[in-house]
Amino acid sequence: MSTLKNKVQLIGNVGNVPEVKTLEGGKKVVNFSLATNEFYKNSDGEKVQNTQWHAIVAWGRIAEVVAEYVEKGKEVAIEGKLNSRSYETKEGEKRYVTEVIADEILLLGIKGEQNAIE
């Protein structure tokens with residue numbers, strides 16, 4: 001069991017235009033949402049789609065490439081780790097966020113244009 005790690009792999013469609021920020025020192029970070037779909041048949045035999053939304057964060061070179069090549073609706077594969085954090089709103093409410101910190105992104109969807117970003 002000591003070899004198990006915090007690892008997530010997702011394939012889905014980008015749900016919004018990636019938001020890029022440049023921090024002090026020039027380091028870049030990008031945030032975007034990713035929709036993954038699951039299909040199944042319910043008890044009446046009808047096809048049902050279940051969509052899950054994931055918050056994705058990428059840093060450095062990955063953030064730069066995402067900012068240049070990834071757009072809303074694009075199909076991507078993500079590999080990374082789960083990160084949970086909390087913050088306080090201006091109104092004093094505590095909020096909790098679970099994000100996927102991307103270590104690798106693979107651009108999918110168009111044959112001949114599959115590129116891995118690490």
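Q: Which residue does the side chain of R95 meet in a salt bridge?
A: In this predicted model, a salt bridge requires a side-chain nitrogen of Lys or Arg within 4 Å of a carboxyl oxygen of Asp or Glu. R95 is partly exposed at 36% relative accessibility, and its N-to-O distance to the partner is 3.2 Å. That partner, itself partly exposed at 41%, is E93.

Q: How many salt bridges does the count come to?
A: Side chains of opposite charge can pair when their charged atoms come close. Among the pairs that meet in this way are K21 with E19, at 3.6 Å from N to O, and E64 with R61, also at 3.6 Å. By the 4 Å rule, the count of salt bridges comes to five.

Q: In which helix do E64 and R61 both lie?
A: The side chains of E64 and R61 meet in a salt bridge, with E64 partly exposed at 34% relative accessible area and R61 exposed at 53%. They are three residues apart, about one turn of the helix. The helix that holds both, spanning residues 60–69, is α1.

Q: Which residue of β3 does K21 stand opposite?
A: Strand β2, residues 19–22, runs antiparallel to strand β3, residues 28–41, and four bridges join them. The two strands form a hairpin with five residues between them, and G25 in the turn has a positive phi of about 90 degrees. Within this pairing, the residue of β3 that stands opposite K21 is V29.

How values were computed. Residues numbered from 1 in each chain as written. Predicted model: local features only at pLDDT ≥ 70, side-chain atom pairs only at ≥ 80, totals over all residues. Heavy atoms only, no water. Pairing = 2+ DSSP bridges. Buried < 20%, exposed > 50% of the residue type's maximum accessible area, 1.4 Å probe, protein only.
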